[in-house]
Amino acid sequence: MASIVPKTPTAAPALLQSAHKEETSTRHYSDQLVTGHIYAKHRDDDTTKIDLPSYISVIENILTTSHRITDNIHRGTEGRLVYSDDTLGSNVVIDPPLCTLHRINSELSCKAPGITKAHETTLEIFDILTNYPWEAKAALTLLAFASDYGDLWHLYHYSMTDPLAKSLAIIKRVASLKKHLDSFPYQQVLLNPSSLIRSCLQAIKHMNQIREFSKYDVKELPELPSALRQIPLITYWVIHTIVASKIHLSSYLSETENQPQRYLNDLSDKIANVLNELEKHLNAIREQHAEVDLFRWLVDHIEHYHTDITLVVSKLLSGKTETNPLIDGSTLREVSVQESLSGKNVILVISELNISNDDIEALHHVYERLKTDHKTYEIVWIPIIPASYHAEDLKRYEYLRSIMKWHSIPFTTKIAGMRYMEERWQLREDPLVVVLTSQSKVVFTNAIHLIRVWGNEAIDFTHDRSKSLLRRNWPDSTLVKFTHQPRLQNWIKQEKSILFYGGKNPAWIQQFEERVEILKNDPSIIEGSSFEIVRIGKDVKGEDDPTLMSRFWNTQWGYFVVKSQLIGSSASETTEDILRLISYQNEDGWVVLTVGLAPVLVGRGVLILRLLEEFPKWKQSLRLKPQSIAYDFQLMNCYF
């Protein structure tokens with residue numbers, strides 16, 4: 001995958017040089033100025049690749065062994081090192097570009113201290129390594145440094161027993177270097193775990209790890225492009241730090257002026273910030289990659305290769321094979337996923353904290369029925385809690401958990417399988433109720449609509465059961481339960497024409513009832529046929545009930561969703577009637593006309609009222625046969 005190249009800034013090199021004749025702080029080398037220099041001559045180029053992990057391994061081995069030698073000097077035990085089998089048995093092989101390394105070492109040698117010279121030398125090294133990838137530029141520069149540094153301490157280590165090593169150590173003035181081992185600058189540059197050189201090595205490791213993720217689709221790792229854009233700039237500061245460190249090391253050998261302490265401190269801060277940024281990017285990428293891996297695992301083990309429910313629930317919740325215990329709502333004790341769900345069919349209730357009392361009550365009825373007649377089922381509530389939650393969210397969670405008799409997961413803002421639930425199960429703001437077998441096969445993707453429409457009758461939530469329920473006339477499932485008319489069942493048995501009605505405007509309700517009364521008292525209606533009206537939206541006391549109406553509209557929508565999922569949403573008489581009724585939710589009024597429970601028409605309030613007002617004009621055309629009023633209404637409604 002090609003890296004993303006930032007736009008080349010227009011800062012002039014002369015501006016940078018003039019600024020740094022007076023300044024020695026890295027803060028004057030802004031990202032814009034530095035990238036301006038880099039991109040004036042360089043772009044992403046991987047013409048000459050290297051085995052970067054192997055190079056990193058060799059560099060780390062050199063630095064670690066050199067550190068052991070200097071550590072022995074500190075301890076006063078300068079005898080021969082004893083190497084571990086792992087060190088001696090290392091089979092890492094590299095094929096370094098020797099001429100290139102010599103050229104880099106030449107650039108690193110005998111330079112004056114200060115940021116200006118380090119900057120100029122860094123750009124020269126960029127020119128030498130033009131055809132290498134960014135992170136390879138940094139690695140080869142560090143290898144050049146490490147080979148020279150390791151050579152110094154290797155000669156010192158053998159100088160007491162090997163005349164050749166002793167002579168070479170004298171020529172290279174290693175003894176001068178030894179005198180500064182305890183100095184703070186030396187420790188800062190080389191010996192501390194967070195020294196400049198160790199930090200540069202860590203930065204190269206991070207860049208390599210980020211680059212390895214570039215084989216993935218950036219759509220799945222959205223953090224990756226941002227991280228890749230930072231690598232050229234980070235490469236500059238890594239090489240710059242290596243150059244400055246080598247100049248400082250050389251000053252000990254030549255006993256010349258050291259790097260200014262302020263400059264070394266600035267570099268320590270700079271490379272620490274570089275590592276911090278890389279770690280942030282890398283952690284985000286790893287998290288996104290883990291999410292991708294988990295998503296693919298869940299797809300495989302839920303949709304294709306069905307797996308034990310306890311493993312799937314654990315992975316869904318935490319991304320791991322084991323997760324935190326569940327809370328048993330009936331006993332309030334913690335129980336493991338294995339203990340509570342093994343061998344059970346599981347109903348996952350996935351919802352935000354605003355789940356309605358109506359839905360909770362409906363789920364309670366389902367729970368009680370399952371515990372009585374279907375003991376192989378368990379319900380688990382998975383609350384979706386915002387990352388920036390408030391104290392009220394915690395209180396709401398505790399309240400909801402206290403009224404749920406089934407299992408709940410502990411309070412958390414992180415659900416590992418959120419992407420799977422959103423993309424495969426279509427989790428949105430509405431609660432999601434997923435029914436799975438003990439082997440994680442999905443029985444029904446969202447049974448909340450089944451429960452809202454049919455309640456306990458929906459058990460065992462299979463498609464066959466759902467299709468059986470759908471074979472009923474839809475008014476039987478969506479209208480009858482929202483009335484308190486005691487004579488309704490008799491009217492249904494007698495197959496009378498019934499006008500179910502409701503609306504938001506009390507004036508329309510009153511006008512409709514008055515017009516219907518006029519119609520029912522008309523001699524032609526009395527002699528010919530009869531019909532009844534049933535108000536939707538009143539409680540047992542005959543008062544308007546907004547909560548009842550909320551459930552009513554949820555039921556209409558739920559019926560449509562279930563029918564669409566199982567049979568398809570293509571046009572049919574039933575789906576058209578339901579959608580038409582749903583579209584009247586905010587109208588002044590609406591009417592559903594049935595014969596018994598067989599639907600005949602669904603009408604908008606204004607048209608139905610007009611139909612009733614025009615009754616004197618069309619009553620002569622009545623067929624005046626039993627139940628014919630329904631068909632006459634249908635005919636006249638079409639006319640209007």
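Biologist: Is the crossing in which H13 passes H14 left-handed or right-handed?

Modeller: This is a predicted model: local features need pLDDT of at least 70, side-chain atom pairs count only at pLDDT 80 or more, and totals for chains, interfaces and linings use all residues. Residues are numbered from 1 along each chain as its sequence is written, and side-chain values use heavy atoms, leaving out hydrogens and water. With the near helix turned anticlockwise from the far one by less than a right angle (clockwise would be right-handed), the crossing of H13 past H14 is left-handed.

Biologist: How does H13 run relative to H14?

Modeller: Helix H13 (residues 261-304) packs on helix H14 (residues 309-318) with axes 11 Å apart, at an angle of about 155 degrees. Angles over 145 degrees count as roughly antiparallel, so H13 and H14 are roughly antiparallel.

Biologist: Which residues of H14 make the contact?

Modeller: Contact means heavy atoms within 4.5 Å. H13 supplies Leu-294, Trp-297, Leu-298, His-301 and Ile-302. From H14 come Leu-311, Val-312, Lys-315 and Leu-316.

Biologist: Which are the edge strands of the open sheet of 7 strands?

Modeller: The pairing is mixed, and the order is S2-S1-S5-S4-S3-S6-S7. Two strands pair if DSSP finds at least two bridges between them. Pairing on one side only are strand S2 (334-335) and strand S7 (442-444).

Biologist: Which residue in S5 stands opposite Ile-327?

Modeller: Strand S1 (residues 326-328) runs antiparallel to strand S5 (residues 407-408), and 2 bridges join them. Opposite Ile-327 stands Ser-408.

Key
Helix = DSSP H or I, 4+ residues; strand = E, 2+ residues; numbered from the N terminus. Axes fitted to C-alpha atoms, helices over the stretch in contact; angles between N-to-C directions. Parallel < 35°, antiparallel > 145°, perpendicular 65-115°, else oblique.
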